[in-house]
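Subject: A structure for you to look through

Dear colleague,

I am handing over a structure that I would like you to open beside this message.

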Amino acid sequence: GVRVAVWTDRSVRSATQTWVGTTHTWANATHTWVNAPHTWVRSGQRSQTGDMTSPMVDSSVYLERLARVRDAMATNDVDALLLSVGHDLPYLTGYTAMPLERLTMLVVPRDGVATMLIPALEAPRVRDVSGVFDLLPWGETQDPTAIVARLAGGARRIAVGDQMWARFLVELLPELPGVEYTRAVDVVGPLRMSKDQAEIDALAAAGAAVDRIAGELQRGEIPLVGRTEAEVSAHLGRRIIEEGHDKVNFAIVAAGENAASPHHHAGSRVIGEDEIVLCDFGGTMNGYCSDTTRCVFTGDPTAEVAEAYAVLHEAQRVGVAAGVVGTPCEEIDRATRRVIDDAGFGDFFIHRTGHGIGMEEHEDPYIVEGNSLPLEAGHAYSVEPGIYIPGKWGMRLEDIVVATADGPVALNNSDHSLVGVG
């Protein structure tokens with residue numbers, strides 16, 4: 001099983017900060033399940049910024065991932081890898097660290113056994129994954145930063161996780177003088193970008209779940225007119241959980257002029273007749289994320305909106321089709337943008353075409369100008385062009401796509417039309 005070591009270092013460390021769980025208020029506080037410290041989770045499950053542990057995975061998967069990480073460390077001349085909060089940690093161990101002032105750190109040397117340093121009171125939450133890492137609990141009067149320094153002693157170049165709290169890195173700097181630091185994303189990122197079949201299956205299942213909700217929206221089974229954006233957002237959130245997700249990551253609902261703000265916060269605006277309603281929603285299911293955007297119109301679309309949507313629909317179709325293995329990510333962005341530019345709406349497409357998706361709703365690869373990374377089989381990403389006319393309306397159409405040797409495969413298959421609903 002997991003081996004447990006005990007340090008005898010008794011140096012005292014002050015711990016004056018307290019952790020407060022992140023709150024999500026996409027749907028405002030009209031529903032008690034929305035505005036609690038641990039939010040948007042399935043009944044009976046506690047979550048902070050993610051699941052406490054990843055779905056059950058055989059230890060051989062983690063061992064294989066660690067082996068590939070060590071190969072990447074050698075390629076990048078990295079002697080030690082330090083991972084704290086963030087999704088790199090569960091990707092390699094199955095354990096998600098709580099964002100606490102008490103330090104959790106996975107120390108992976110290029111050669112030797114990985115060690116997970118963890119607050120002793122959190123150790124019972126760690127799942128036994130045989131042979132993957134040694135578990136090293138630390139007590140309240142010990143100095144965890146000094147322990148990390150010992151574990152990483154002798155390293156000349158250390159890669160640290162992007163989400164590691166700055167305070168821990170600042171405290172580590174004097175403990176390891178002369179060390180060069182780099183980002184762990186250069187080591188772990190390429191591995192996480194290339195999804196295996198089990199990961200693709202998980203993304204597909206999550207995508208199918210939100211497709212069912214999008215279908216309800218398009219059939220008029222989710223009432224819109226007369227309800228506030230916040231009420232509809234809460235409705236979407238409940239349905240995401242009911243469809244098997246463990247938590248809701250976002251449920252954007254933006255009506256009329258509010259849809260011109262791509263990340264509008266659903267509020268007290270009442271949805272009326274004869275206007276566009278943009279819904280962008282997704283969550284995490286069995287450790288992997290969903291994300292889809294569909295627009296509906298509460299009545300018959302105006303000629304102006306219908307014309308613009310036809311352009312958007314074509315741009316999104318072209319963008320999905322462009323996702324051929326070997327194509328630079330920026331070429332997909334150019335493909336969608338070209339259609340929108342040619343129609344005269346180029347100034348109103350104000351964001352990148354897409355983002356990678358997996359354990360995180362936004363991760364590499366990013367579908368944006370300047371990213372020349374060629375697509376590889378297993379890359380999963382969004383294609384979501386948008387057109388936003390300030391003060392009037394906005395629209396976006398989004399699918400998750402997986403690059404395969406046989407061509408791009410869209411994981412979202414609900415109706416792509418601008419559907420009129422009552």
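Which residues does Pro119 touch, not counting residues up to four places away in sequence? They are Arg102, Leu103, Thr104 and Trp138, where touching, or contact, means heavy atoms within 4.5 Å.

Before going further, please keep in mind that this is a predicted model, in which local features need pLDDT of at least 70 and side-chain atom pairs count only at pLDDT 80 or more, while totals for chains, interfaces and linings use all residues. Residues are numbered from 1 along each chain as its sequence is written, and side-chain values use heavy atoms, with hydrogens and water left out.

The chain holds nine helices and 19 strands, these being DSSP runs numbered from the N terminus (H or I of at least four residues for helices, E of at least two for strands). Of its 422 residues, 57% count as buried, a word that stands for under 20% relative accessible area, with exposed being over 50% and partly exposed in between (1.4 Å probe, protein chains only). Among contacts between residues at least 6 apart in sequence, 67% join residues at least 24 apart.

To return to Pro119, this residue is placed in strand E4 (residues 115–119) and counts as buried because its relative accessibility is 1%.

Arg396, in strand E16 (residues 393–396), has a relative accessibility of 2% and therefore counts as buried too. Its side chain makes a polar contact with the side chain of Tyr388 at 2.8 Å (a pair of N or O atoms within 3.5 Å; within protein, one must be able to donate a hydrogen and the other to accept it, and residues adjacent in sequence count only if both atoms are side-chain atoms). The side chain of Arg396 also reaches the backbone oxygen of Pro262, at 3.2 Å, and among the other residues that Arg396 touches are Asp280, His351 and Glu384.

Finally, the axes of helix H8 (residues 303–321) and helix H9 (residues 329–342) come within 8 Å and cross at roughly 160 degrees, the axes being lines fitted to C-alpha atoms over the stretch in contact, with angles from 0 to 180 degrees between N-to-C directions. H8 is therefore roughly antiparallel to H9, a label for angles over 145 degrees. The contact is made by Val311, Glu314, Ala315, Val318 and Gly319 of H8 together with Ile332, Ala335, Thr336, Val339 and Ile340 of H9.

Methods. Parallel < 35°, antiparallel > 145°, perpendicular 65-115°, else oblique.
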